[in-house]
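Below are my notes, in the order I looked things up.

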Amino acid sequence: MDYDLVHFDQSVMIDATRTIPMIRAAQARRSTYVADSGSFMFHPQDLSVVETSSGLTSSRNDLKLVASPWSPPAWMKTNRNMLKGGKVNDTAKDAWARYIVRWTQAYASYGVGMWAMTVQNEPESSQQWESCEFKAPEQARFVTDYLGPTIRAAYPNMKIFGFDHNKDHLREWASTLFNTSSLSADYVDGMAFHWYAGTCQSYVRDVASRYPGKILLPTEACYELAEQRPSEVDSQNFLVDGIWSRGEGYGYDILVDLEAGSVGWTDWNLLLDEAGGPNHVHNFCDAPLLVDTRVPGGKLHYHPQYYFMGHFSKFLLPGSKRVHVDVSRLAIDELDALHQDSNITPSTTDNNLPVSMVGAASTEAASQSTTTEFAKVGTDVIVSDCPGWPVYGRCPSDGPQATAFLRPDAKVAIIVMNCAEHSESVVVDVDKVGFFKNLNSPAHSIQTYIVQVQNIDNSAIGSSRLLFLERIFAVNSVAGHGLSQKLAALVSVVAAWVILASCALRHATTGRR
């Protein structure tokens with residue numbers, strides 16, 4: 001057994017020819033953003049410079065990358081197989097911790113540094129693909145005895161995330177990893193989790209409330225094609241248009257996670273082929289971007305998830321802080337009464353000044369909610385917002401909802417979603433800012449408003465700060481079907497906020513995506 005890692009490939013040869021050039025191209029593309037024009041200047045020579053240069057600095061490498069191990073080498077595991085679960089042999093745990101650090105160092109040698117590391121992807125499952133099982137107490141001991149000390153010695157500032165599985169077990173794992181009697185709490189900076197059990201907002205909120213010093217980060221979401229709902233199986237033009245409700249599912253889950261105290265959101269797949277792959281065990285999925293490889297040179301298709309994510313990743317800047325927001329149908333005089341004892345002078349608008357609506361996406365008909373006991377989604381009835389796999393990615397139909405963040409530039413971004421079958425005129429009340437009346441929220445829509453605020457007491461805003469909601473690039477608002485933006489390369493398994501930006505998208509009344 002190679003416990004001394006004598007045969008470790010320090011060149012990470014396969015990654016160096018595939019994954020690493022993609023990440024470095026993304027770093028270069030970010031550096032060529034032209035703020036004045038709201039577009040990118042990206043030339044073929046930019047990529048060649050990135051591929052051949054070894055001098056990328058940490059200041060330029062501003063993508064916050066999160067690495068997630070899926071399986072140790074087979075010789076380290078009880079089942080001697082990288083697939084189908086198994087556990088790390090006790091005799092190999094020290095070597096596995098050092099292996100993870102060696103991999104991190106190998107990437108760093110190419111100018112690709114990691115902001116954070118999860119302990120293990122989906123530790124509760126024995127999957128047909130690369131997987132490795134941990135129970136919560138086992139992960140706590142592994143972090144305490146091996147991984148935590150090893151990472152801290154090499155990278156004192158690297159974040160360590162525990163769990164990294166479905167939200168329905170988030171509270172139990174947090175209780176174990178953050179237990180005051182366990183030293184793992186000293187090493188584990190936060191909890192990573194996946195969306196495949198439902199939105200589970202109360203679970204996320206509970207953990208955020210109990211452990212206010214810890215970071216909560218959603219680290220995986222996608223739609224598995226094998227788990228399509230009946231209404232989606234026969235969808236026409238899936239490759240070209242995607243499925244609108246999946247964009248709503250993404251938007252709703254992001255909104256709910258942010259409202260519950262999360263600091264970002266991560267998609268699993270940035271770009272897949274026309275079949276939802278490639279995938280070596282045929283676990284095909286939908287993605288925000290699909291490329292038809294049957295067309296010479298490939299043809300890129302943008303799915304609704306791309307645009308819904310853009311309403312968050314474009315307008316919620318790093319360092320933004322969440323502010324409380326209510327969406328209601330209250331009469332304006334009722335809201336005046338709510339503010340009468342406040343030092344805030346309410347700002348009101350009839351959907352114009354002082355609000356600038358910078359983005360909108362809608363189709364003609366779905367919805368959202370926070371924690372509901374019974375939520376109707378199309379013909380499906382969900383008994384809670386945390387039903388467990390395979391019920392996930394649903395946007396319930398109970399009217400508009402919103403989230404709001406105070407940005408570092410003293411502007412407030414307000415994102416309003418409505419997955420209901422009807423449009424509504426609503427009042428959006430933003431704490432410490434004011435309220436905005438008669439905002440029209442179309443059926444099946446997402447809208448982003450940017451509000452310029454003055455004299456706001458930053459210290460009065462809560463502590464739910466967005467650590468790395470990355471504005472990948474900005475685009476101009478687009479009316480109708482004008483979809484003109486191109487892909488900025490990024491790697492989905494290690495990048496938070498990987499999907500890029502959109503400003504406006506509205507479906508014609510003649511059809512839905």
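**Entry 1: what counts as buried.** I call a residue buried if its relative accessible area is under 20%. I took C386 as my test case. Its relative accessible area is 12%, so C386 is buried. I also noted that the model is predicted.

**Entry 2: the whole chain.** I looked up the totals next. The chain has 513 residues, and 56% of them are buried. I found 13 helices and 21 strands. The accessible surface comes to about 21,300 Å². Carbon and sulfur atoms hold 50% of that surface.

**Entry 3: a parallel sheet.** I recalled that strands of a sheet pair through backbone hydrogen bonds, either parallel or antiparallel. Then I traced an open sheet of 5 strands, in the order β3-β4-β5-β6-β7, with parallel pairing. Which strands lie at the edges? They are β3 (66-67) and β7 (215-220), and each pairs on one side only. I checked the β3 edge. There, 2 bridges join β3 to β4 (residues 116-118). A67 stands opposite M117 in β4.

**Entry 4: the cores.** I looked for the largest nonpolar core and found 48 residues in it. W103, M114 and M191 have the most contacts inside this core. Several elements give two or more residues to it, including α2 (19-31), α5 (136-154), β5 (159-166) and β6 (190-194). Helix α4 gives the most, with 8 residues. I then listed what W103 touches beyond four places away in sequence. The list is F8, V12, D15, A67, M114 and M117. Another core of 36 residues lies apart from the largest one. Among its residues are C222, L272, F308 and I446.

**Entry 5: strand β16.** Is β16 enclosed or open to the outside? I counted 6 of its 6 residues (401-406) as buried, so the strand is largely enclosed by the rest of the structure. Q401, T403 and F405 point one way, and A402, A404 and L406 point the other way. Strand β11 (residues 321-323) runs antiparallel to β16 and is joined to it by 3 bridges. V323 stands opposite A404. Strand β17 (residues 411-418) also pairs with β16 in the antiparallel sense, over 6 bridges. F405 stands opposite A413 in β17. β16 and β17 form a hairpin with 4 residues between them. In the turn, A410 has a positive phi of about 65°.

**Entry 6: the disulfides.** I reminded myself that a disulfide is a covalent bond between the sulfur atoms of two cysteines. The structure holds 2 of them. C200 and C386 form one, with sulfur atoms 2.0 Å apart. The torsion about its S-S bond is about 85°, so this disulfide is right-handed. C200 has 0% relative accessibility and therefore counts as buried. The other disulfide joins C395 to C419, S to S 2.1 Å. C395 sits in the loop between β15 (380-382) and β16, and C419 in the loop between β17 and β18 (424-430), 24 residues apart. Both cysteines are buried.

Entry 7: C222 is buried, at a relative accessible area of 1%.

Key
Residues numbered from 1 in each chain as written. Predicted model: local features only at pLDDT ≥ 70, side-chain atom pairs only at ≥ 80, totals over all residues. Heavy atoms only, no water. Pairing = 2+ DSSP bridges. Core = buried A, V, L, I, M, F, W, Y, C linked by side-chain atoms within 4.5 Å. Buried < 20%, exposed > 50% of the residue type's maximum accessible area, 1.4 Å probe, protein only. Contact = heavy atoms within 4.5 Å. Areas by Shrake-Rupley, 256 points an atom, 1.4 Å probe, with all protein chains shown as cover. Disulfide = S-S within 2.5 Å.
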